[in-house]
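Colleague: Please take a close look at one part of this model for me, the surroundings of the ligand. I would like to hear what lines that place and how the neighbouring elements are arranged.

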Amino acid sequence: MGSVDRQLLEPTKIEISDLVVKYETPGNGDTQAALSKTTLNVRDGEFVAIVGPSGCGKTTLLNCVAGLVRASSGFVRVDGKIVGGPGRDRGVVFQQYALFPWLSVIENVIFSLEMRGVPRTERANEARRYLDLVGLSGVEDVMPKALSGGMKQRVAIARAYAAEPSVLLMDEPFGALDVQAKERLQVALLRALQLNPRTVLFVTHDVEEAIFLSDRVVIMGANPGRIVSETPVELQKDRVVEDKLSEEFIALKSQISQELRVIETGKYESEAVRKNNVISQVKKMELN
Amino acid sequence: MSNTEKFLEVNRNQDSVPNTKITKQHNFRARGFAVIYRSMFIVSLLSGIVIWAALSVLLPKDVASPVSVSQALGTLMTNGTLPIDIAYSVVRVAVGFTVGLVLAIPVAFALNAVRGLRNLLDPWIQFFRVIPPIALIPLVIVFFGIGETAKVSVIFFAVFLTVLITTYQGIRMIDATLIRAARVLGTSGWRLFAKVIVPAAVPSIFTGARLGIASGWTTLVAAELIAASHGLGFMITQASQYFDLPAIYLGIITIGVIGFIFDRLLLRVERRMISWADVG
Ligand SMILES: Nc1ncnc2c1ncn2[C@@H]1O[C@H](COP(=O)(O)OP(=O)(O)OP(=O)(O)O)[C@@H](O)[C@H]1O
Ligand SMILES: [Mg+2]
């Protein structure tokens with residue numbers, strides 16, 4: 001509880017206020033709201049995970065903060081400044097890695113350093129530092145096509161870090177990885193954040209991943225895209241994979257999963273909820 | 001190679017993906033396939049010649065035999081006409097191709113960058129692409145006379161349109177996520193163009209170039225209908241007037257072989273320059 005109180009004192013880093021995003025339907029001139037009146041504040045250094053059914057506007061929300069999608073009304077402020085376009089203060093990690101395929105691993109990171117204006121002579125060493133941060137070494141000269149998905153995403157994270165953003169925006173970055181690689185990347189990300197803390201907005205479909213990584217899980221719903229609820233994650237800060245088996249973790253996971261199920265079916269199946277609560281109670285007792 | 005090995009070494013310790021055993025087996029198998037593929041080329045060449053020989057026996061009036069074509073080759077090589085014809089044609093195709101390529105690439109970029117320009121030019125591109133170059137010959141003669149410019153301009157026309165259309169489509173298909181990734185790193189304007197859009201477009205430029213050189217050769221015979229006195233197209237046209245069947249076949253085969261060599265050279269350059277992409 002104490003840690004939560006302290007966090008509340010942290011200044012607001014990302015301020016999303018009454019954000020509405022409408023897309024034009026191709027063909028006719030109609031617009032369709034992908035995001036309706038969304039408000040969310042993220043504190044400095046906080047890790048917020050966003051979960052929600054497909055098409056509920058998670059990517060839209062993230063892209064708005066990145067400055068890749070324009071707000072139809074409302075605004076996004078980062079460090080008090082209105083977001084008007086992409087900027088180096090906000091790094092993005094995409095699900096499709098988006099590494100430049102014509103550049104080697106280290107050149108991808110150097111690209112980022114070059115855009116930041118790091119002097120030529122320092123770039124190679126700096127780049128190696130960022131690759132080390134995500135647990136990559138010895139693959140500097142490999143081309144992206146020869147890398148596994150997990151390694152590609154490590155490079156992408158290193159490249160995002162190399163721009164020295166204060167905010168990291170991650171859109172299902174581990175969504176395409178197999179279970180083992182995913183877990184390793186989660187641990188690698190937590191480690192990188194421990195060494196180099198950043199404010200993170202992280203979209204995922206995986207409730208377990210959301211809880212494991214974040215300080216707060218935000219649940220979104222569709223039609224129209226909006227924030228339905230949020231749940232603080234009050235687990236210890238230095239997390240290890242084993243935490244996923246803890247009683248608290250499992251309880252939180254079943255609670256959020258249930259909320260998501262309700263949102264996705266659109267009906268509040270109280271009977272099922274009650275049954276589920278009983279099941280989680282039983283599980284708790286078993287664990288004890 | 002050493003990089004790949006290094007990579008495999010690291011890969012074993014880190015993210016799960018390829019099990020090294022499988023990878024090695026795969027390499028071994030891939031090498032086996034490479035041998036088969038290479039021998040396929042020879043098999044295909046030999047069977048082509050066999051089928052040709054068989055046809056020439058079955059249809060002696062329509063198909064020149066491999067022997068008679070070899071004899072024509074010997075004669076035309078020793079009297080020096082074939083090398084000269086080859087030289088004329090290669091230079092014409094090379095000049096038409098180079099100018100076509102060099103002009104088509106910037107236009108392809110411009111069409112992608114400026115939507116207004118695209119709407120302005122698209123109908124004309126569609127209009128001209130359906131016109132066979134041979135139909136333009138009378139106009140070409142009116143504009144450029146009957147000299148080398150006229151012949152090269154027919155080839156240029158074909159190459160330009162082919163490269164333009166292919167490259168334009170390729171640039172349009174550049175992965176939007178790559179451009180987004182560059183933009184969020186602070187890249188914009190000319191730097192975005194030079195450091196991301198151009199390299200990402202290189203594979204489609206090569207595709208355009210390979211199709212362009214093919215259409216250059218395809219158009220050669222038409223181009224050399226314009227008052228030529230040398231060249232492979234001229235050679236075929238002239239031989240057909242005397243109904244010199246072996247010479248006609250020789251001309252056709254020579255064009256095919258040179259076109260094939262050009263394509264392989266381009267492919268080699270392409271493989272070297274863009275080893276990062278999966279070149280077929
Ligand atoms: N460029 C676009 N043009 C028109 N409609 C769009 C565009 N991008 C997204 N949409 C629509 O907006 C809604 C929200 O899309 P968005 O990609 O933000 O959802 P998401 O929550 O990220 O989904 P997923 O979980 O599948 O990634 C969807 O209905 C989608 O069809
Ligand atoms: Mg999405």
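Modeller: Happy to! The shell around ligand 1 divides into 3 nonpolar, 6 polar and 2 charged residues. In this count Ala, Val, Leu, Ile, Met, Phe, Trp, Tyr, Cys and Pro are nonpolar, Asp, Glu, Lys and Arg are charged, and the others, Gly among them, are polar. Do keep in mind that this is a predicted model, in which local features need pLDDT of at least 70 and side-chain atom pairs count only at pLDDT 80 or more, while totals for chains, interfaces and linings use all residues. Residues are numbered from 1 along each chain as its sequence is written, chains are lettered from A and ligands numbered from 1 in the order in which they are written, and side-chain values use heavy atoms, with hydrogens and water left out.

Around ligand 1 you will find A:Tyr23, A:Ala34, A:Ser54, A:Gly55, A:Cys56, A:Gly57, A:Lys58, A:Thr59, A:Thr60, A:Glu172 and A:His205, where a residue qualifies if one of its heavy atoms lies within 4 Å of the molecule. H2(A) supplies the largest share of this shell, 3 residues; helices (H or I, at least four residues) and strands (E, at least two) are DSSP runs numbered from the N terminus.

Now the polar contacts, meaning pairs of N or O atoms within 3.5 Å; within protein, one must be able to donate a hydrogen and the other to accept it, and residues adjacent in sequence count only if both atoms are side-chain atoms. A backbone N or O atom of A:Cys56 is 3.2 Å from an oxygen atom of ligand 1. A polar side-chain atom of A:Thr59 lies 2.6 Å from an oxygen atom of the ligand, and a side-chain N or O atom of A:Thr60 is 2.5 Å from an oxygen atom of ligand 1. Taken alone, ligand 1 exposes 630 Å², of which the protein buries 61%; these areas come from the Shrake-Rupley method with a 1.4 Å probe, and for residues only the protein chains shown count as cover.

In one, 4 strands form an open, antiparallel sheet in the order S2-S1-S4-S5 (chain A), two strands being paired if DSSP finds at least two bridges between them. Strands S2 (31–43) and S5 (81–82) of chain A each have a single partner strand, so one side of each is left without a neighbour in the sheet. H2 (residues 58–66) touches S1 (12–24), S2 and S4 of chain A, and its direction makes about 120° with that of S1(A). Contact here means heavy atoms within 4.5 Å; axes are lines fitted to C-alpha atoms, for helices over the stretch in contact, and angles run from 0 to 180 degrees between N-to-C directions. S1(A) and S2(A) pair antiparallel over 9 bridges and form a hairpin with 6 residues between them, where A:Gly27 in the turn has a positive phi of about 100°.

The other open sheet has 6 strands in the order S6-S7-S8-S3-S9-S10 (chain A) with mixed pairing. S3 (residues 47–51) and S9 (residues 216–221) of chain A run parallel, joined by 4 bridges, with A:Ile50 opposite A:Val218 in S9(A). H2(A) packs on this sheet too, touching S3, S6, S7 (167–171), S8 (199–203) and S9 of chain A, at about 150° to the direction of S7(A).
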